[in-house]
Amino acid sequence: MCKNIKILAKVKSGELTMCTKCKHFHLTFNNIFFEFNQEELDQFKDYLFAIDIDYWEDQYPCPKRNIPVPSLQKNLILVFNRQEIAELKQLFSGYSYQKFKNITLDDIDYTLVLN
Ligand SMILES: [Zn+2]
């Protein structure tokens, strides 16, 4: 298990963390746990922000969860409701995440040595 965990963002149902050692991202949301590399994280984020929530709610007016988010496993599709999608988006809009996106990974492990 990763021990060098940095919390990037937190919401009621979960959190987005990053391991500063193996450079992987962990998204914990309710009973779901995702592990992403940088590319996978960006893809997930792009997908999340491109979802047409109104479309899915019209097409599949299921009262509980009707917004599909595909996983990396082909036969596994996760479904969320509007509120959950909003929370997931919040994780990627937080200050820490934005800040992280503006610095390189090397900056995080940087150790200042004074002569
Ligand atoms: Zn790690």
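This is a predicted model: local features need pLDDT of at least 70, side-chain atom pairs count only at pLDDT 80 or more; totals for chains, interfaces and linings use all residues.
**Overall layout**

I went through the elements next. I found five helices and six strands in the protein. Read along the sequence, they come as β-β-β-β-α-α-β-β-α-α-α. I also checked burial: 13% of the 115 residues count as buried. Then I looked at contacts with a separation of 6 or more, and 34% of them are between residues 24 or more positions apart.

**The four-stranded sheet**

I traced an open sheet of four strands, in the order β1-β2-β3-β4, with antiparallel pairing. β1 (5–11) and β4 (32–36) are its edge strands, each pairing on one side only. On average, neighbouring strands here are turned by 15° against each other, direction ignored. I noted for background that strands of a sheet pair through backbone hydrogen bonds, either parallel or antiparallel.

I then walked across the sheet, pair by pair.
- I counted six bridges from β1 to β2, and A9 has L16 of β2 as its bridge partner.
- I found five bridges from β2 to β3, where L16 has L27 as its bridge partner in β3.
- I found five bridges from β3 to β4 as well, and here L27 has F34 of β4 as its partner.

So which residue sits in the turn between β3 and β4 with a positive phi? I found N30, at about 50°, in a hairpin with two residues between the strands.

**The other strand pair**

I moved on to β5 (residues 67–70) and β6 (residues 77–80), which run antiparallel and are joined by four bridges. V69 stands opposite L78 in β6. A hairpin through six residues connects β5 to β6.

**The core**

Which residues make up the largest nonpolar core? I listed 10: L8, L16, M18, F25, L27, L41, F44, L88, L91 and F92. I then checked where they come from: β2 (14–19), β3 (25–29), α1 (38–50) and α3 (82–93) each supply at least two. α3 gives the most, with three residues. I jotted down a general point here: in soluble globular proteins, nonpolar side chains tend to be buried together.

**A closer look at E15**

I picked E15, which is found in strand β2. Is E15 buried or partly exposed? I got partly exposed, because E15 has 17 C-beta neighbours inside 10 Å, while a buried residue needs 20 or more. Leaving out residues up to four places away in sequence, E15 touches I7, A9, K10 and T28. I also checked E15 against E87: they are 72 residues apart along the chain, yet their C-alpha atoms are separated by 9.8 Å.

Terms used: Residues are numbered from 1 along each chain as its sequence is written. A nonpolar core is a set of buried Ala, Val, Leu, Ile, Met, Phe, Trp, Tyr and Cys residues joined through C-beta atoms within 7 Å. A residue is buried if 20 or more other C-beta atoms lie within 10 Å of its own, exposed if 12 or fewer, and partly exposed in between; C-beta atoms are placed from the backbone. Two strands pair if DSSP finds at least two bridges between them. Axes are lines fitted to C-alpha atoms, for helices over the stretch in contact, and angles run from 0 to 180 degrees between N-to-C directions. Two residues are in contact if their C-beta atoms, placed from the backbone, lie within 7 Å.
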